[in-house]
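User: I am new to reading structures, and I would like to go through one slowly, feature by feature. Could you give me the general idea each time and then the case at hand?

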Amino acid sequence: MTTTATRPAALDTLSWLEAEGIHIIREVAAELERPCLLFSGGKDSIVMLRLAEKAFWPARIPFPVMHVDTGHNFAEAIEFRDRRAAELEVDLIVASVQESIDQGRVVEEVGPRASRNRLQTVTLLDAIAEHNFDALFGGARRDEEKARAKERIFSFRDAFGQWDPSNQRPELWNLYNGKLTRGEHIRAFPLSNWTELDVWQYIKREGLEIPSIYFAHERSMFERDGMLFPVSDFVPRLPGEDPFEARVRFRTVGDMTCTAGVLSEAETLESVVAEIAATRITERGETRADDRFSEAAMEDRKREGYF
Amino acid sequence: MTTETLVDTADPLGPDRRTLLRLATAGSVDDGKSTLIGRLLFDSKQTFIDQMEAIERTSRTRGEEDVNLAYLTDGLRSEREQGITIDVAYRYFSTPRRKFILADTPGHVQYTRNMVTGASTADAALLLVDARRGVLEQTRRHAYLSNLLGIRHFVLCVNKMDLVGWDQSVFEAIAEELTRFSGRMGVSDVRAIPISAKFGDWVVEPSERMSWYGGPPLLELLETLEASEPPQHHASRLPVQYVVRPLRDDYHDYRGYAGTMASGVLRVGDRVKVMPSGAETSVVGIDAFDQQLAEASPPMAVTVRLADQLDVRRGSMIVSAEHPPIAATSIDAHICWMSERVPLRARDRLVIKHTTQTTRAMVEEVGARLDVNTLDYDLTASQLSLNEIGRVRLRLMAPLSVDPYDEARETGAFILIDEATSATVGAGMITSGE
């Protein structure tokens, strides 16, 4: 059975991760009827979309992309989202939290700390039902958060969109079981094994464009809970939360009500990554107010059907 | 070696040729697996300030004396409440020499299927033993499963040496017992280290309290451990995942077969067979997005073009014409059974997924069941219950293109799916097919 072929060198980590991601995307596209890729214009979903582009080349991506838009997003990210979808000639579905509010499906939180972050779950589940999607690609990484560190690559959601972490299917080798029972859908995570640094290295290697808010820029900010938030019409400020001009960049792209920026002079990919490589604080710990509620904030939201 | 040299100081966006080592922990409950990983991450400066603050808070709230490093990997509510690991947690860390993916697997017998999930993708097993308790049934079960799954490198960590007074003879007795046990299974590469995950002895730093151990520390050992040989010496296999037909003006006649290389090296110009029909053709192109490659090997994801129009679809396999796999309608395999609902018995019907092909299988015979303590097979067994391992013969509805798992993991592995629940209930490793 042995052939005399010379052994090629082992793949470097980025090439290995890319190949694994493409494999996962192709498995979902082949085994599920109606997949859809969640695309926010953030760095992780940009990488995921790149893997999808590679997976089917020279054919176009054979499924639509969807953004759950809270209406409170960064204008720069929305502009980028629309442009990238147009370049790739993929269908872009925008599921609007504002519409869910207008239809009375959810009730908006009030007060200075109000956020539409949790409301996204209802909008997302409604959109899944409306479009009959049976698989959603998400850009979540296991290094982000301790509940995500436990999640399978093919992760099942019941008819209520719930994740049951105590009863996950065994997942062996690269043999993914895509069989659904009635009402279930799959969340598939092609970037499960990527770290934040891998994502940046890949963006650099592939020469991928990213929204401008990832780079240092002047912006009106205010301080809350030790974090710097962008001044916007969506966030009423409390007494003492006076705005000031600062040079900041954003480490994640999320809803403006719960995405904090970091002081930075990094204007290039190289300097952004140099700052990230030197940081001693996690991405979510530094910039995501939504994970600070409790030890298991993410696990609780995921149980409810969050991304 | 000082800790400073282990921090990743490489130019973060420069060319990064570091390779990946995938590790899985194994061992019984309470042997300290999660604590060891917490210690590895902490001492190699891979933990973040906010993560440490969070676990310090949790440890204090729970009235624990010291910071419990296990909370770095035990992430689920029920795990923290019970103080055990239920499901695999994946952790990522790197040193200037290597990147690591570490699967922290549960020790409880009832969560063995989660251990198998973590171990199925690992190159090396980090096997923990509590120095006070020695080698237990669960240690042997995990060692056996790791070997069955194709892991050829065992790193035996004899943990909690602080609780046996750093006694060299305790360490040596355990190391000898496990080395002997592993040898009987055919694993020759067993490295044993005496450690204290709680205090850090011989994890990242040398230990003066156990200077009798000649070193190196665990992390240094992991950095230099040779990864399991990928099955590239094997004949070429490309299971077809997806047929790419662009149906657009600029690629009107393009027809490519997308898949992930399972073994061997596939080159442009190679004579190949398309399984299961066995029809012969040759490779005219290997595409990977903007690159046209001369050859492809595992685990590359590529799209292959063939010279002739043949019936090629998802589930077909493009293989070396000289060394094709067996087109089997009957297979013998080791199976680890993972269903809580029902045992595996003769005449059961199941869905089988092998590479990219899914068909049905009927159990012809449950031939033998493993006793993990003695490594003997009980030939009178007629069924496999949850977490049991046995030898089984399956009859297949459609032929599968198989190789023995020992020779080629990707084409020797399969999963069994319960049609009633859609759950994955079996992990199979093929020994032969016909």
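This is a predicted model: local features need pLDDT of at least 70, side-chain atom pairs count only at pLDDT 80 or more; totals for chains, interfaces and linings use all residues.

User: Where do the cis peptide bonds involving A:Pro58 and B:Pro216 lie?

Analyst: In chain A, the bond that runs from A:Trp57 to A:Pro58 is cis, with omega near 5 degrees, and A:Pro58 lies in the loop between α2 (43-56) and β2 (65-69). In chain B, the bond from B:Gly215 to B:Pro216 is cis, with omega near 5 degrees, and B:Pro216 sits in the loop between β6 (189-194) and α7 (218-224).

User: How should I read burial, and what share of each chain is buried?

Analyst: A residue counts as buried if 20 or more other C-beta atoms lie within 10 Å of its own, as exposed if 12 or fewer do, and as partly exposed in between, with C-beta atoms placed from the backbone. By that count, 53% of the 307 residues of chain A are buried, and for the 434 residues of chain B the share is 50%.

User: Which residues touch the most other members of the largest nonpolar core?

Analyst: A nonpolar core is a set of buried Ala, Val, Leu, Ile, Met, Phe, Trp, Tyr and Cys residues joined through C-beta atoms within 7 Å. The largest one here holds 189 residues, and those touching the most other members are A:Leu37, B:Leu23, B:Ala119, B:Ala125, B:Leu127 and B:Cys157.

User: What does B:Leu23 touch, leaving out residues up to four places away in sequence?

Analyst: Two residues are in contact if their C-beta atoms, placed from the backbone, lie within 7 Å. With residues up to four places away in sequence left out, B:Leu23 touches B:Phe100, B:Leu102, B:Ala103, B:Ala122, B:Ala124, B:Leu126 and B:Leu222. For chain A as a whole, 75% of the contacts with a separation of 6 or more are between residues 24 or more positions apart; in chain B, 70% of the contacts between residues at least 6 apart join residues at least 24 apart.

User: How do I describe two helices that pack, and at what angle do α6 and α7 of chain A meet?

Analyst: Axes are lines fitted to C-alpha atoms, for helices over the stretch in contact, and angles run from 0 to 180 degrees between N-to-C directions. Angles under 35 degrees count as roughly parallel, over 145 as roughly antiparallel, 65 to 115 as roughly perpendicular, and the rest as oblique. Helix α6 (residues 196-206) and helix α7 (residues 269-278) of chain A pack at about 165 degrees with their axes 11 Å apart, and α6(A) and α7(A) are therefore roughly antiparallel to each other. On the α6(A) side the contact is made by A:Glu196, A:Leu197, A:Trp200, A:Ile203 and A:Lys204, and on the α7(A) side by A:Leu269, A:Val273, A:Ile276 and A:Ala277.

User: Which kind of packing do α4 and α5 of chain B show?

Analyst: Helix α4 (residues 112-119) and helix α5 (residues 137-148) of chain B pack at an angle of about 40 degrees, with their axes 10 Å apart, which makes α4(B) oblique to α5(B). Here B:Met115, B:Val116 and B:Ala119 of α4(B) meet B:His142, B:Leu145 and B:Ser146 of α5(B).

Notes: Residues are numbered from 1 along each chain as its sequence is written. Chains are lettered from A and ligands numbered from 1 in the order in which they are written. Helices (H or I, at least four residues) and strands (E, at least two) are DSSP runs, numbered from the N terminus.
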